[in-house]
Amino acid sequence: MTTTKDRLLTVISKYAAKTHVTMARRSGGRLVRTFRGGDVLLLTHTGRTSGRTYTTPALYVRDGEDYVVAASNGGIDREPQWWLNLRADPRGAVEIAGRRTDVVASTVGDRDRQRLWDALMAKCPTYDDYQASVSRRISLVRLSPVAEEQAA
């Protein structure tokens, strides 16, 4: 069930994300590279019903060559649209400091979850608060770079 608070937070986060993406792109990735102490990437994905391309900022940590993000939705008690889109079509792209990399998304498995959750918490301690405020288990999403020949 979506609450009034969740609807308001959704509207606010939508416009904040749009502003963040605009500032990052206009500066060639020099501005808004961090948020709340964590490093930020821009995640591009395809809408599962519209087919449109969307870009969402997300805090991330590295796990080898992979990027890991939390589908926290800012503490809103439903999955973020970007994660629903990537579950329908796991192909996407990340931009960091103006550099774009094609990726494929997957759910972080239980074996790695706590270690990566702790790494995200070290960068941005609000994730535990987000988890406490929602009834769902916040997914951790692995964004694995695609080899150039696979991306074509």
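The largest nonpolar core of this predicted model has 16 residues, and those with the most contacts inside this core are Val 68, Ala 70, Trp 117, Leu 120, Tyr 127, Ile 138 and Leu 140. A nonpolar core is here a set of buried Ala, Val, Leu, Ile, Met, Phe, Trp, Tyr and Cys residues joined through side-chain atoms within 4.5 Å, where buried means under 20% relative accessible area, exposed over 50%, and partly exposed in between (1.4 Å probe, protein chains only). Two or more residues of this core come from each of strand E3 (53-63), strand E4 (66-70), helix H3 (110-123) and helix H4 (126-133), and H3 gives the most, with four residues. Helices (H or I, at least four residues) and strands (E, at least two) are DSSP runs, numbered from the N terminus. In soluble globular proteins, nonpolar side chains tend to be buried together.

A second, separate core has 15 residues, among them Ala 71, Trp 82, Trp 83 and Ala 105.

Residues are numbered from 1 along each chain as its sequence is written. Because the model is predicted, local features need pLDDT of at least 70 and side-chain atom pairs count only at pLDDT 80 or more, while totals for chains, interfaces and linings use all residues; side-chain values use heavy atoms, with hydrogens and water left out.

The whole protein chain comes to five helices and seven strands, and buried residues make up 41% of its 152 residues. Among contacts with a separation of 6 or more, 62% are between residues 24 or more positions apart.

Helix H2 (residues 81-88) has Trp 82, Trp 83, Asn 85 and Leu 86 buried. Seen down the axis of H2, these buried residues fall within an arc of 160 degrees, so they line one face of the helix; the arc is that of the directions from the helix axis to the C-beta atoms.

Which side chains make polar contacts with the side chain of His 45? This residue of strand E2 (residues 38-46) counts as buried at 4% relative accessibility, and its side chain makes a polar contact with that of Thr 56 (3.0 Å) and another with that of Asn 85 (3.1 Å). A polar contact is a pair of N or O atoms within 3.5 Å; within protein, one must be able to donate a hydrogen and the other to accept it, and residues adjacent in sequence count only if both atoms are side-chain atoms.

Asp 66, in strand E4, is also buried, with a relative accessible area of 15%, and its side chain makes a polar contact with the side chain of Arg 142 (3.0 Å). Asp 66 and Ser 144 are 78 residues apart in sequence and 4.7 Å apart in space, C-alpha to C-alpha. In the loop between E4 and H2 lies Glu 79, which is buried at 18% and whose side chain is joined to that of Arg 136 by a polar contact of 3.5 Å.

The mean pLDDT of the protein chain is 83, and 73% of its residues reach 70 or more, pLDDT being the predictor's confidence in each residue, from 0 to 100. Confidence is lowest in strand E1 (residues 34-35), at a mean of 52, and highest in strand E7 (residues 140-145), at 98. Where pLDDT is low, the predicted coordinates should not be read in detail.

Terms used
Contact means heavy atoms within 4.5 Å.
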